[in-house]
Amino acid sequence: MDSGGNSLASGPDGVKRKVCYFYDPEVGNYYYGQGHPMKPHRIRMTHALLAHYGLLQHMQVLKPFPARDRDLCRFHADDYVSFLRSITPETQQDQIRQLKRFNVGEDCPVFDGLYSFCQTYAGGSVGGSVKLNHGLCDIAINWAGGLHHAKKCEASGFCYVNDIVLAILELLKQHERVLYVDIDIHHGDGVEEAFYATDRVMTVSFHKFGDYFPGTGHIQDIGYGSGKYYSLNVPLDDGIDDESYHLLFKPIMGKVMEIFRPGAVVLQCGADSLSGDRLGCFNLSIKGHAECVKFMRSFNVPLLLLGGGGYTIRNVARCWCYETGVALGVEVDDKMPEHEYYEYFGPDYTLHVAPSNMENKNSRQMLEEIRNDLLHNLSKLQHAPSVPFQERPPDTEAPEVDEDQEDGDKRWDPDSDMDVDDDRKPMPSRVKREAVEPDTKDKDGLKGVMERGKGFEAGMDEGGSTKVTGVNPVGMEEANMKMEEEGTSKAVADQVFPPKT
């Protein structure tokens, strides 16, 4: 057994966690188009590794219930969601103005089953939040999620629906404070923008900065209004390695956890920060990347793990398989078991790959200056109370039902509007097997302009107590099956965030 980054022998890290894992077998069939670097097939490759390493048996495996229009409209504009639902490759030529308006067509192409794809990956992330809110798991995983660039009214950077924002909104029903951490090589602009003016969500992004998509994430972007100092940006240069990365990650995240004291953590694990990524320019090993997961896991706070970028798909699958093992506290062999995608991993057929000898342009002095600046900003925040908040009760009850319940319509509380969507049809397979990934560094394939949003408004009721308006209960159940459908909570049109008490 490998004795590397996920050795969990002692301390709080040594405690096993209950893990829920969301996976839809159809997700690997969606295809962005020939030559496009984003390949949902990588999710199926990851799942195959998890199965053949025997990791699935250590988790509750859940098929996500697809997010519905009203779920997506908790963040996204109604007309944008309507557009995503209606657009098809056959009709797009008739909607040129709409395509331009919603930034769909180049980086974010129209493809068969686009809306179903969005429903699937968003449903997994929100479903993970529901599980965490009910205390039904310690860690929830949705490797299909983590699409952090999508905005309220437009697609961006291969992302159409911002499942992360939707998942955080769900967590805010139960938790006073939610922390978002992003280790994708690209700045987590869509999530930062959504919560830029609230103190209930802290966003921390570690990313390449300078002539690089999306062009945002300056260290001086710190939040606005009541959200001032609740956005942290860690701008990095090419070639950063494991040691340099953790000179920043560990002290900064340790201080964030100490001061902000979140009730839940969302960690976006974009794998394009790995060495050798098709679009990336960092030099992290899989163990170095996974060390971030291990570190955040060690705080014993409800944790949602999401995917994100990652364009050398064999390494994406390696990384997320290993990080699933870290979440579980299970050691994973470096020698890869034979499976249906085994040929992708030659000639070594190992889980880990050595980083390159590329130059690290992040000097020790630069790293220390960044660290000191960010710790100084954090020092301006008041510590959260040492006594936990009295948390509001969950919006949904989750009674157990018989495992052999087969009628989908009867799985839901009659008072709920979350009906089973029987109209969703599986997509035919459109995945082309690629034994060898191209080596070209297609950094110019990513483009876009980010417009700073206004964030969310804060509000208090007349008595001065905190409230979250527009949140209605939804009935649901949890069945202890190997593969089951998971529902999101009832959607609302608007969400108003109160300031922290």
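## Basis of the model

The structure is a predicted model, in which local features need pLDDT of at least 70 and side-chain atom pairs count only at pLDDT 80 or more, while totals for chains, interfaces and linings use all residues. Residues are numbered from 1 along each chain as its sequence is written, and side-chain values use heavy atoms, with hydrogens and water left out.

## The chain as a whole

The chain has eleven helices and nine strands, where helices (H or I, at least four residues) and strands (E, at least two) are DSSP runs numbered from the N terminus. Of its 501 residues, 61% are buried; buried means under 20% relative accessible area, exposed means over 50%, and partly exposed lies in between, with a 1.4 Å probe and protein chains only.

Among contacts (heavy atoms within 4.5 Å) between residues at least 6 apart in sequence, 83% join residues at least 24 apart. The chain exposes about 19,600 Å², of which carbon and sulfur atoms supply 47%; accessible areas come from the Shrake-Rupley method with a 1.4 Å probe, and for residues only the protein chains shown count as cover.

## Annotated positions

An unreviewed UniProt entry places the feature "binding site" at Asp107, Gly157 and Tyr311. These positions span 205 residues in sequence, yet no two of their C-alpha atoms are more than 13.7 Å apart, so they gather at one spot. UniProt positions are given in the numbering used here with shortened feature names, and such annotations may be inferred rather than shown by experiment.

Aspartate 107 lies in the loop between helix H4 (96–101) and helix H5 (114–133), and counts as buried because its relative accessibility is 10%. Glycine 157 belongs to the loop between strand S3 (139–142) and helix H6 (163–172), and its relative accessibility of 4% likewise makes glycine 157 count as buried.

S1 runs parallel to S3, to which three bridges join it, and cysteine 20 has alanine 140 in S3 as its bridge partner; two strands pair if DSSP finds at least two bridges between them. S1 also pairs in the parallel sense with strand S2 (residues 60–64) over three bridges, where phenylalanine 22 stands opposite leucine 62. Together, S1, helix H1 (residues 41–52) and S2 make a right-handed β-α-β unit, right-handed meaning that, with the strands pointing away from the viewer, the path from the first strand over the helix to the second runs clockwise.

In helix H5, 20 of 20 residues are buried. The end C-alpha atoms of H5 are 29 Å apart, which agrees with the 28 Å that its 20 residues should span at 1.5 Å a residue, the expected span being 1.5 Å times one less than the number of residues. After H5 comes glycine 135, whose phi is positive, near 70°.

Strand S4 (residues 178–182) pairs with S5 in the parallel sense over five bridges, and aspartate 182 stands opposite serine 205. The β-α-β crossover from S4 through helix H7 (residues 189–194) to S5 is right-handed. S5 also pairs in the parallel sense with strand S6 (residues 231–236), over six bridges, and lysine 208 has leucine 236 in S6 as its bridge partner.
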